[in-house]
Structures are given as C-alpha cells and as structure tokens.
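I am opening my notebook on a new model.

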Amino acid sequence: MAALARIWGAVAALGAALIALAVGAAAVPWVAVPMVAAGVAQAIVAVAALRGSRWRAGLVLPPLLLPTIVWLAAIVAAPEVASSLPMAPLLAESTLALGAAALLLLRRSSEADSRTMHAVLGLLSSAAVVATITTVALAGTNAGQFAQPHGVHAPVVQEHGSGH
C-alpha cells in the first residue's frame with residue numbers, strides 16, 4: 001500500500017506542478033515568481049517520488065504548500081490582484097498538492113510492496129484522476145484560453161470582409 005500511496009502522491013504532485021506553472025505564467029510578478037518556483041519544485045518532488053526517493057517533510061511540504069499560501073495571501077493582501085487569478089485552477093492545484101503531501105509523507109510499512117500489477121493499476125488510476133482534474137484546471141488558466149481546440153490540426157484563419 002505504501003508504494004501505491006507514493007505513486008498516487010507523485011502523480012498528484014505532477015498535476016499540481018503543471019497547474020502552478022500555468023497560473024504563474026500569467027500572474028503578476030510577485031505571484032508568478034513563487035508559483036513558477038513552486039511548480040518546478042513540485043515537479044522535482046514528483047520525479048523523485050516516482051524514482052522511489054523518500055524525503056523528509058521539510059523538503060516535501062514547502063513546494064507543495066507554497067502556491068496555496070501565495071494565493072491565500074493574495075486574497076488577503078491584494079484583493080484586486082486576487083480577482084485576476086483563476087480560482088478554480090488554484091483550488092484544483094491546492095487539492096492535488098495537499099493530497100500529494102499527505103500521500104508522500106505516509107510511513108512505509110515493513111513489508112515489501114512490490115506487486116507489479118498493483119503498481120501498474122495504481123499508476124493508471126492515479127493518472128486518470130489527476131489528468132481529469134488537471135485538464136479542466138488548465139483550461140481555466142490564461143494558457144488554456146489560447147490552447148488549440150481538439151480535432152483542429154490546421155491553423156484557424158479568420159476571414160476579413162474586405163478580401164485583401
């Protein structure tokens with residue numbers, strides 16, 4: 001069970017990282033810098049967890065909690081800035097990050113959890129859930145507003161009335 005929790009936590013941290021990076025890319029600088037830094041750190045935590053590394057809480061918690069702290073601080077300190085932040089993606093990021101923190105910090109059991117089929121099913125199920133949450137959240141960011149529509153492979157040309 002500990003191996004599954006680590007996989008679920010890693011995939012959730014990766015989803016949180018993608019959302020933090022997308023939100024940070026369009027935010028004001030004092031929100032963007034910690035969001036992007038946390039997104040990069042969350043991705044590092046996710047990759048390390050997928051590799052089997054186990055880090056102390058002091059290394060796992062800061063990058064996973066920082067985006068939540070930043071947007072809550074923005075609401076309190078600068079409501080006009082917070083009104084420009086996409087709240088639904090930020091809530092999704094916080095949910096994934098806090099869930100990842102809880103899963104990655106679970107104590108390992110003494111018995112080995114090396115059942116391959118359980119690990120594969122755990123990875124697939126966590127990827128499906130996180131992909132669903134992350135895709136919807138990314139669509140709500142500034143970057144998502146400029147995404148290529150699904151099924152459209154050619155550039156979209158807008159015609160102008162003059163014909164020139």
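**Entry 1: a glutamine**

I looked up Gln42 and found 0% relative accessibility, so Gln42 counts as buried. I note that this is a predicted model. Gln42 sits in helix α2, which covers residues 29-50.

Which residues does Gln42 contact, leaving aside neighbours within four places in sequence? I listed Ala13, Ala16, Ala17, Ala20, Pro63, Leu64, Pro67, Glu93 and Ala97.

**Entry 2: the core**

Next I checked the largest nonpolar core, and it has 33 residues. Val31, Leu64 and Leu85 have the most contacts inside this core. α1 gives the most, with 8 residues. I wrote a reminder beside this: in soluble globular proteins, nonpolar side chains tend to be buried together.

I followed up Val31. Not counting residues up to four places away in sequence, Val31 touches Val70, Val81 and Leu85. Leu64 was already in my notes as a contact of Gln42.

**Entry 3: helix α5**

I tested the length of α5. At 1.5 Å a residue, its 18 residues should span 26 Å. The end C-alpha atoms of α5 are 25 Å apart, which agrees.

Which residues of α5 are buried? I found Pro89, Leu90, Ala92, Glu93, Ser94, Leu96, Ala97, Ala100, Ala101 and Leu104. The buried residues of α5 pack against α1, α2, α3 and α6.

Notes. Residues numbered from 1 in each chain as written. Predicted model: local features only at pLDDT ≥ 70, side-chain atom pairs only at ≥ 80, totals over all residues. Heavy atoms only, no water. Helix = DSSP H or I, 4+ residues; strand = E, 2+ residues; numbered from the N terminus. Buried < 20%, exposed > 50% of the residue type's maximum accessible area, 1.4 Å probe, protein only. Contact = heavy atoms within 4.5 Å. Core = buried A, V, L, I, M, F, W, Y, C linked by side-chain atoms within 4.5 Å. Expected span 1.5 Å × (residues − 1).
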